[in-house]
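Work through the exercises below with the sequence and the structure in view. Each task is followed by a solution in steps.

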Amino acid sequence: MKKCNEQKIWDYIDGELNPEEIKAIREHFKNCPKCLEEFEINLSLHLEIKKMDCMKPSIRFGKNIMEAIELDVSKQFKPLLNVFWKRICIGGFGTVAFYAIIIAIFYPHVFAEPNTPKVFSLWSLFNHPATTTVLGVFVTAWILYFADHWMQKRFKPEPAR
Amino acid sequence: MADDFRYIDQVLSGKHQAFRYLVDKYQDYAFTLAFRVLKNREDAEEAAQDAFVKAFRELARFQKTAKFSTWFYKIVYHTAIDYSRKKKRQIVSLDNEDYHFDFEDSIYRTQWQKTCDEDRKKFISKAINRLNENDAAVITLFYLHENSIEEISEITNLSASNVKVKLFRSRIKLKKHLESILHKETKELL
(Lines give C-alpha, C1' and ligand atoms only; values in the text may rest on other atoms or scores of the structure.)
Protein backbone atom coordinates (compact mmCIF):
# COMPACT_ATOMS: atom_id res chain seq x y z
CA MET A 1 0.00 0.00 0.00
CA LYS A 2 1.65 3.19 -1.16
CA LYS A 3 -1.11 5.72 -0.51
CA CYS A 4 -3.22 6.19 2.62
CA ASN A 5 -6.49 4.30 2.16
CA GLU A 6 -8.99 3.92 4.98
CA GLN A 7 -10.93 1.19 3.17
CA LYS A 8 -7.73 -0.91 3.16
CA ILE A 9 -7.33 -0.32 6.88
CA TRP A 10 -10.84 -1.64 7.50
CA ASP A 11 -10.21 -4.59 5.17
CA TYR A 12 -7.07 -5.34 7.19
CA ILE A 13 -9.11 -5.26 10.43
CA ASP A 14 -11.80 -7.49 8.87
CA GLY A 15 -9.12 -9.96 7.73
CA GLU A 16 -9.99 -9.58 4.08
CA LEU A 17 -6.51 -8.85 2.74
CA ASN A 18 -4.24 -11.42 1.09
CA PRO A 19 -0.72 -12.03 2.47
CA GLU A 20 0.93 -9.57 0.04
CA GLU A 21 -1.54 -6.83 0.93
CA ILE A 22 -1.02 -7.50 4.64
CA LYS A 23 2.73 -7.18 4.19
CA ALA A 24 2.29 -3.94 2.21
CA ILE A 25 -0.06 -2.35 4.77
CA ARG A 26 2.27 -3.24 7.65
CA GLU A 27 5.13 -1.63 5.77
CA HIS A 28 2.94 1.42 5.20
CA PHE A 29 2.14 1.70 8.92
CA LYS A 30 5.88 1.81 9.68
CA ASN A 31 6.28 4.86 7.48
CA CYS A 32 2.91 6.56 8.05
CA PRO A 33 2.08 7.44 11.68
CA LYS A 34 -1.24 8.96 10.58
CA CYS A 35 -2.45 5.67 9.10
CA LEU A 36 -1.14 3.74 12.11
CA GLU A 37 -3.10 6.01 14.40
CA GLU A 38 -6.18 5.61 12.17
CA PHE A 39 -5.73 1.86 12.36
CA GLU A 40 -5.54 1.96 16.17
CA ILE A 41 -8.68 4.09 16.40
CA ASN A 42 -10.58 1.89 13.95
CA LEU A 43 -9.48 -1.30 15.66
CA SER A 44 -10.55 0.07 19.03
CA LEU A 45 -13.96 1.03 17.60
CA HIS A 46 -14.27 -2.37 15.87
CA LEU A 47 -13.56 -4.24 19.11
CA GLU A 48 -15.89 -2.04 21.12
CA ILE A 49 -18.82 -2.57 18.74
CA LYS A 50 -18.14 -6.31 18.80
CA LYS A 51 -18.48 -6.22 22.59
CA MET A 52 -21.95 -4.64 22.39
CA ASP A 53 -24.79 -6.77 23.74
CA CYS A 54 -28.21 -7.36 22.28
CA MET A 55 -31.04 -5.25 23.59
CA LYS A 56 -33.76 -6.97 25.60
CA PRO A 57 -37.42 -6.58 24.71
CA SER A 58 -40.10 -6.44 27.41
CA ILE A 59 -40.83 -9.54 29.53
CA ARG A 60 -44.17 -10.15 27.79
CA PHE A 61 -42.62 -10.04 24.32
CA GLY A 62 -42.36 -13.81 23.77
CA LYS A 63 -45.76 -14.45 25.29
CA ASN A 64 -47.35 -11.79 23.08
CA ILE A 65 -45.89 -13.47 20.01
CA MET A 66 -47.21 -16.89 21.01
CA GLU A 67 -50.65 -15.40 21.69
CA ALA A 68 -50.63 -13.67 18.30
CA ILE A 69 -49.63 -16.97 16.68
CA GLU A 70 -52.42 -18.86 18.46
CA LEU A 71 -54.90 -16.29 17.27
CA ASP A 72 -53.48 -16.63 13.78
CA VAL A 73 -53.75 -20.41 13.91
CA SER A 74 -57.33 -20.31 15.17
CA LYS A 75 -58.26 -17.96 12.29
CA GLN A 76 -56.34 -20.03 9.77
CA PHE A 77 -58.12 -23.26 10.71
CA LYS A 78 -61.56 -21.73 11.17
CA PRO A 79 -64.15 -24.53 10.96
CA LEU A 80 -67.03 -24.36 8.50
CA LEU A 81 -69.46 -24.30 11.40
CA ASN A 82 -68.58 -22.28 14.42
CA VAL A 83 -68.63 -23.86 17.86
CA PHE A 84 -72.13 -22.58 18.65
CA TRP A 85 -73.69 -24.24 15.60
CA LYS A 86 -71.66 -27.42 16.15
CA ARG A 87 -73.05 -27.62 19.67
CA ILE A 88 -76.57 -27.02 18.44
CA CYS A 89 -76.25 -29.65 15.66
CA ILE A 90 -74.58 -32.33 17.72
CA GLY A 91 -76.75 -31.59 20.78
CA GLY A 92 -79.92 -31.75 18.66
CA PHE A 93 -78.81 -34.93 16.95
CA GLY A 94 -77.97 -36.49 20.31
CA THR A 95 -81.36 -35.58 21.76
CA VAL A 96 -83.25 -37.00 18.79
CA ALA A 97 -81.18 -40.19 18.90
CA PHE A 98 -81.79 -40.53 22.63
CA TYR A 99 -85.56 -40.18 22.24
CA ALA A 100 -85.55 -42.67 19.39
CA ILE A 101 -83.85 -45.21 21.66
CA ILE A 102 -86.25 -44.49 24.55
CA ILE A 103 -89.27 -44.89 22.29
CA ALA A 104 -87.91 -48.07 20.73
CA ILE A 105 -87.35 -49.65 24.16
CA PHE A 106 -90.30 -48.46 26.24
CA TYR A 107 -93.04 -47.99 23.65
CA PRO A 108 -93.27 -51.26 21.73
CA HIS A 109 -96.91 -50.77 20.80
CA VAL A 110 -95.85 -47.88 18.55
CA PHE A 111 -94.55 -50.51 16.22
CA ALA A 112 -97.33 -53.00 16.98
CA GLU A 113 -100.18 -53.80 14.63
CA PRO A 114 -103.43 -51.79 15.17
CA ASN A 115 -106.14 -53.30 17.45
CA THR A 116 -103.70 -55.61 19.20
CA PRO A 117 -104.05 -55.58 23.02
CA LYS A 118 -101.64 -53.22 24.69
CA VAL A 119 -99.31 -55.08 26.99
CA PHE A 120 -98.32 -53.36 30.22
CA SER A 121 -94.88 -51.86 29.86
CA LEU A 122 -92.61 -49.49 31.75
CA TRP A 123 -93.79 -46.83 29.37
CA SER A 124 -97.17 -46.68 31.10
CA LEU A 125 -95.38 -44.94 34.01
CA PHE A 126 -94.36 -42.15 31.68
CA ASN A 127 -97.61 -42.09 29.75
CA HIS A 128 -98.79 -38.82 31.28
CA PRO A 129 -97.93 -35.71 29.19
CA ALA A 130 -96.57 -33.79 32.22
CA THR A 131 -94.18 -36.61 33.14
CA THR A 132 -92.92 -36.82 29.57
CA THR A 133 -92.38 -33.05 29.38
CA VAL A 134 -90.39 -32.93 32.63
CA LEU A 135 -88.40 -35.99 31.64
CA GLY A 136 -87.79 -34.51 28.17
CA VAL A 137 -86.49 -31.23 29.60
CA PHE A 138 -84.12 -32.96 32.03
CA VAL A 139 -82.83 -35.43 29.47
CA THR A 140 -82.27 -32.67 26.91
CA ALA A 141 -80.44 -30.52 29.46
CA TRP A 142 -78.34 -33.50 30.48
CA ILE A 143 -77.42 -34.36 26.87
CA LEU A 144 -76.64 -30.74 26.05
CA TYR A 145 -74.49 -30.40 29.16
CA PHE A 146 -72.32 -33.42 28.31
CA ALA A 147 -72.24 -32.63 24.61
CA ASP A 148 -71.13 -29.08 25.42
CA HIS A 149 -68.50 -30.33 27.83
CA TRP A 150 -67.10 -32.70 25.23
CA MET A 151 -67.17 -30.10 22.46
CA GLN A 152 -65.39 -27.50 24.59
CA LYS A 153 -62.53 -29.96 24.96
CA ARG A 154 -62.68 -31.03 21.33
CA PHE A 155 -62.78 -27.62 19.62
CA LYS A 156 -60.93 -25.31 21.99
CA PRO A 157 -57.32 -24.58 20.84
CA GLU A 158 -54.59 -25.75 23.20
CA PRO A 159 -53.16 -22.98 25.37
CA ALA A 160 -49.51 -21.93 24.77
CA ARG A 161 -46.88 -23.03 27.20
CA MET B 1 -28.74 -24.82 13.13
CA ALA B 2 -29.81 -28.48 13.40
CA ASP B 3 -31.90 -27.55 16.44
CA ASP B 4 -33.59 -24.82 14.45
CA PHE B 5 -34.53 -27.31 11.73
CA ARG B 6 -35.82 -29.81 14.28
CA TYR B 7 -38.16 -27.25 15.82
CA ILE B 8 -39.19 -25.94 12.39
CA ASP B 9 -40.22 -29.51 11.45
CA GLN B 10 -42.25 -29.76 14.64
CA VAL B 11 -44.02 -26.47 13.89
CA LEU B 12 -44.75 -27.63 10.35
CA SER B 13 -46.17 -30.90 11.64
CA GLY B 14 -48.74 -28.91 13.63
CA LYS B 15 -47.06 -28.41 17.00
CA HIS B 16 -47.10 -24.65 16.84
CA GLN B 17 -45.89 -24.36 20.45
CA ALA B 18 -42.48 -25.50 19.19
CA PHE B 19 -42.16 -22.05 17.65
CA ARG B 20 -41.52 -20.78 21.17
CA TYR B 21 -37.98 -22.18 20.93
CA LEU B 22 -37.27 -19.98 17.90
CA VAL B 23 -38.88 -16.99 19.62
CA ASP B 24 -36.70 -17.43 22.71
CA LYS B 25 -33.57 -17.90 20.63
CA TYR B 26 -34.00 -14.98 18.25
CA GLN B 27 -36.10 -12.43 20.13
CA ASP B 28 -33.17 -10.32 21.37
CA TYR B 29 -31.55 -10.21 17.92
CA ALA B 30 -34.83 -9.41 16.20
CA PHE B 31 -35.66 -6.69 18.70
CA THR B 32 -32.18 -5.14 18.48
CA LEU B 33 -32.26 -5.10 14.68
CA ALA B 34 -35.74 -3.57 14.65
CA PHE B 35 -34.71 -1.02 17.26
CA ARG B 36 -31.64 0.03 15.25
CA VAL B 37 -33.88 0.69 12.27
CA LEU B 38 -36.80 2.31 14.12
CA LYS B 39 -34.98 4.03 17.04
CA ASN B 40 -37.98 3.48 19.28
CA ARG B 41 -38.72 0.64 21.73
CA GLU B 42 -42.49 0.42 21.19
CA ASP B 43 -42.23 0.43 17.41
CA ALA B 44 -39.34 -2.04 17.52
CA GLU B 45 -41.32 -4.47 19.68
CA GLU B 46 -44.31 -4.20 17.39
CA ALA B 47 -42.21 -4.70 14.25
CA ALA B 48 -40.26 -7.62 15.74
CA GLN B 49 -43.47 -9.26 16.91
CA ASP B 50 -44.99 -8.78 13.48
CA ALA B 51 -41.87 -10.31 11.92
CA PHE B 52 -42.18 -13.42 14.11
CA VAL B 53 -45.83 -13.88 13.11
CA LYS B 54 -44.90 -13.43 9.43
CA ALA B 55 -42.10 -15.98 9.83
CA PHE B 56 -44.55 -18.42 11.41
CA ARG B 57 -46.99 -18.01 8.51
CA GLU B 58 -44.26 -18.36 5.89
CA LEU B 59 -42.36 -21.17 7.61
CA ALA B 60 -43.51 -23.74 5.05
CA ARG B 61 -41.70 -21.71 2.36
CA PHE B 62 -38.39 -21.74 4.22
CA GLN B 63 -35.88 -23.89 2.41
CA LYS B 64 -33.39 -25.65 4.59
CA THR B 65 -30.53 -24.96 2.21
CA ALA B 66 -30.09 -21.58 3.95
CA LYS B 67 -29.62 -20.62 7.58
CA PHE B 68 -32.87 -19.93 9.40
CA SER B 69 -31.31 -16.82 10.97
CA THR B 70 -30.55 -15.26 7.56
CA TRP B 71 -34.09 -15.98 6.32
CA PHE B 72 -35.59 -14.64 9.53
CA TYR B 73 -33.44 -11.48 9.72
CA LYS B 74 -34.55 -10.69 6.18
CA ILE B 75 -38.16 -10.69 7.40
CA VAL B 76 -37.26 -8.60 10.47
CA TYR B 77 -35.25 -6.09 8.42
CA HIS B 78 -37.95 -5.58 5.77
CA THR B 79 -40.73 -5.42 8.36
CA ALA B 80 -38.81 -2.78 10.30
CA ILE B 81 -38.11 -0.79 7.11
CA ASP B 82 -41.84 -0.93 6.25
CA TYR B 83 -42.72 0.30 9.74
CA SER B 84 -40.16 3.05 9.44
CA ARG B 85 -41.65 4.21 6.13
CA LYS B 86 -45.12 4.17 7.63
CA LYS B 87 -44.08 6.13 10.66
CA LYS B 88 -41.86 8.47 8.65
CA ARG B 89 -39.76 9.21 11.65
CA GLN B 90 -37.21 11.94 11.34
CA ILE B 91 -33.80 10.42 11.66
CA VAL B 92 -30.94 12.76 12.33
CA SER B 93 -28.94 13.02 9.17
CA LEU B 94 -25.19 13.30 9.23
CA ASP B 95 -25.37 16.14 6.74
CA ASN B 96 -27.45 18.25 9.11
CA GLU B 97 -24.84 18.25 11.80
CA ASP B 98 -21.77 20.30 12.13
CA TYR B 99 -18.82 17.95 12.02
CA HIS B 100 -15.74 20.01 12.30
CA PHE B 101 -14.31 17.80 15.04
CA ASP B 102 -11.49 15.50 14.34
CA PHE B 103 -11.13 12.18 16.11
CA GLU B 104 -7.41 12.61 15.92
CA ASP B 105 -7.84 15.74 17.97
CA SER B 106 -6.11 14.77 21.19
CA ILE B 107 -8.94 15.99 23.50
CA TYR B 108 -11.49 13.53 22.10
CA ARG B 109 -9.03 10.70 21.71
CA THR B 110 -7.93 11.06 25.29
CA GLN B 111 -11.51 11.14 26.49
CA TRP B 112 -12.33 8.04 24.43
CA GLN B 113 -9.39 6.23 25.99
CA LYS B 114 -10.37 7.36 29.46
CA THR B 115 -13.99 6.29 29.27
CA CYS B 116 -14.90 3.02 30.92
CA ASP B 117 -16.40 0.08 29.03
CA GLU B 118 -19.98 0.90 30.05
CA ASP B 119 -19.65 4.50 28.88
CA ARG B 120 -18.12 3.38 25.61
CA LYS B 121 -21.05 1.06 25.01
CA LYS B 122 -23.41 3.91 25.79
CA PHE B 123 -21.63 6.26 23.39
CA ILE B 124 -21.52 3.65 20.62
CA SER B 125 -25.18 2.87 21.13
CA LYS B 126 -26.00 6.59 20.86
CA ALA B 127 -23.85 6.90 17.76
CA ILE B 128 -25.51 3.87 16.09
CA ASN B 129 -28.92 5.37 16.84
CA ARG B 130 -27.88 8.47 14.92
CA LEU B 131 -27.17 6.45 11.79
CA ASN B 132 -29.88 6.18 9.19
CA GLU B 133 -31.96 2.96 9.12
CA ASN B 134 -29.92 1.14 6.45
CA ASP B 135 -26.52 2.03 7.89
CA ALA B 136 -27.63 1.08 11.39
CA ALA B 137 -29.01 -2.23 10.12
CA VAL B 138 -25.79 -3.07 8.24
CA ILE B 139 -23.65 -2.31 11.31
CA THR B 140 -25.99 -4.33 13.56
CA LEU B 141 -26.09 -7.31 11.21
CA PHE B 142 -22.31 -7.26 10.73
CA TYR B 143 -21.30 -6.88 14.35
CA LEU B 144 -24.09 -8.02 16.61
CA HIS B 145 -25.38 -10.85 14.51
CA GLU B 146 -21.97 -11.60 12.99
CA ASN B 147 -23.37 -12.10 9.52
CA SER B 148 -21.03 -12.28 6.55
CA ILE B 149 -21.17 -9.70 3.75
CA GLU B 150 -22.97 -12.31 1.57
CA GLU B 151 -25.57 -12.94 4.26
CA ILE B 152 -26.15 -9.21 4.77
CA SER B 153 -26.49 -8.90 1.01
CA GLU B 154 -29.21 -11.58 1.05
CA ILE B 155 -30.99 -10.01 4.02
CA THR B 156 -31.02 -6.45 2.66
CA ASN B 157 -31.39 -7.32 -1.06
CA LEU B 158 -28.29 -5.22 -1.79
CA SER B 159 -25.33 -6.48 -3.81
CA ALA B 160 -22.30 -7.69 -1.84
CA SER B 161 -20.18 -4.79 -3.12
CA ASN B 162 -22.91 -2.35 -2.15
CA VAL B 163 -23.04 -3.84 1.36
CA LYS B 164 -19.27 -3.46 1.63
CA VAL B 165 -19.45 0.18 0.60
CA LYS B 166 -22.34 0.78 3.02
CA LEU B 167 -20.43 -0.88 5.83
CA PHE B 168 -17.40 1.29 5.18
CA ARG B 169 -19.48 4.49 5.02
CA SER B 170 -21.42 3.48 8.12
CA ARG B 171 -18.20 3.05 10.06
CA ILE B 172 -16.96 6.47 8.95
CA LYS B 173 -20.30 8.04 9.94
CA LEU B 174 -20.24 6.15 13.24
CA LYS B 175 -16.82 7.58 14.00
CA LYS B 176 -18.03 11.08 13.21
CA HIS B 177 -21.12 10.63 15.39
CA LEU B 178 -18.86 9.44 18.20
CA GLU B 179 -16.73 12.55 17.79
CA SER B 180 -19.86 14.66 18.08
CA ILE B 181 -21.06 12.81 21.19
CA LEU B 182 -17.62 12.96 22.81
CA HIS B 183 -17.42 16.66 21.97
CA LYS B 184 -20.70 17.29 23.82
CA GLU B 185 -19.61 15.13 26.76
CA THR B 186 -16.28 16.97 26.92
CA LYS B 187 -18.07 20.30 26.92
CA GLU B 188 -20.31 19.10 29.74
CA LEU B 189 -17.32 17.93 31.73
CA LEU B 190 -15.37 21.15 31.28
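**Exercise 1.** Why is α7(B) largely enclosed by the rest of the structure?

Solution. The model is a predicted one, in which local features need pLDDT of at least 70, side-chain atom pairs count only at pLDDT 80 or more, and totals for chains, interfaces and linings use all residues. Residues are numbered from 1 along each chain as its sequence is written, while chains are lettered from A and ligands numbered from 1 in the order in which they are written.

Step 1. A residue is buried if 20 or more other C-beta atoms lie within 10 Å of its own, exposed if 12 or fewer, and partly exposed in between, with C-beta atoms placed from the backbone. Helices (H or I, at least four residues) and strands (E, at least two) are DSSP runs, numbered from the N terminus.

Step 2. Count. Of the 12 residues of α7(B), 9 are buried, so the helix is largely enclosed by the rest of the structure.

Step 3. Name them. The buried residues of α7(B) are Asp135(B), Ala136(B), Ala137(B), Val138(B), Ile139(B), Thr140(B), Leu141(B), Phe142(B) and Leu144(B).

Step 4. Check the span. After α7(B) comes Glu146(B), with a positive phi near 50°.

**Exercise 2.** Describe the make-up of each chain.

Solution. Step 1. Chain A has 6 helices and 0 strands, and chain B has 9 helices and 0 strands.

Step 1. In chain A, 9% of the 161 residues are buried. In chain B, 39% of the 190 residues count as buried.

Step 2. Two residues are in contact if their C-beta atoms, placed from the backbone, lie within 7 Å. Among contacts in chain A between residues at least 6 apart in sequence, 64% join residues at least 24 apart. For contacts in chain B with a separation of 6 or more, residues 24 or more positions apart account for 71%.

**Exercise 3.** At what angle do α2(B) and α4(B) pack, and which residues make the contact?

Solution. Step 1. Axes are lines fitted to C-alpha atoms, for helices over the stretch in contact, and angles run from 0 to 180 degrees between N-to-C directions. On this basis α2(B) and α4(B) (residues 68-87) pack at an angle of about 35°, and their axes are 9 Å apart.

Step 1. On the α2(B) side the contact is made by Tyr26(B), Ala30(B), Leu33(B), Ala34(B), Val37(B) and Leu38(B). From α4(B) the contact residues include Phe72(B), Val76(B), Ala80(B) and Ile81(B).

Step 2. Sort the contact residues into nonpolar (Ala, Val, Leu, Ile, Met, Phe, Trp, Tyr, Cys and Pro), charged (Asp, Glu, Lys and Arg) and polar (the others, Gly among them). The contact of α2(B) with α4(B) has 13 nonpolar, 2 polar and no charged residues.

**Exercise 4.** Which residues have the most contacts inside the largest nonpolar core?

Solution. Step 1. A nonpolar core is a set of buried Ala, Val, Leu, Ile, Met, Phe, Trp, Tyr and Cys residues joined through C-beta atoms within 7 Å.

Step 1. The largest core has 52 residues, and those with the most contacts inside it are Ala30(B), Leu33(B), Ala34(B), Ala48(B), Val76(B) and Ala80(B). The element that gives the most to this core is α2(B), with 12 residues.

Step 2. Take Ala80(B). Leaving aside neighbours within four places in sequence, Ala80(B) is in contact with Leu33(B), Ala34(B), Val37(B), Leu38(B) and Ala47(B).

Step 3. A second, separate core of 5 residues includes Ile9(A), Trp10(A), Tyr12(A) and Phe39(A).

**Exercise 5.** How many residues of chain B are in contact with chain A?

Solution. Step 1. In chain B 29 residues are in contact with 25 residues of chain A.

Step 1. The largest share of this side of chain B, 10 residues, comes from α2(B).

Step 2. The side of chain B that touches chain A divides into 14 nonpolar, 5 polar and 10 charged residues.

**Exercise 6.** Are Lys39(B) and Asn157(B) buried or exposed?

Solution. Step 1. Lys39(B), in the loop between α2 and α3 of chain B, counts as buried because it has 21 C-beta neighbours inside 10 Å.

Step 1. Asn157(B), in the loop between α8 (149-156) and α9 of chain B, is exposed, with 10 other C-beta atoms within 10 Å.

Step 2. Phi is positive in Lys39(B), at about 60°, and in Asn157(B), near 65°.
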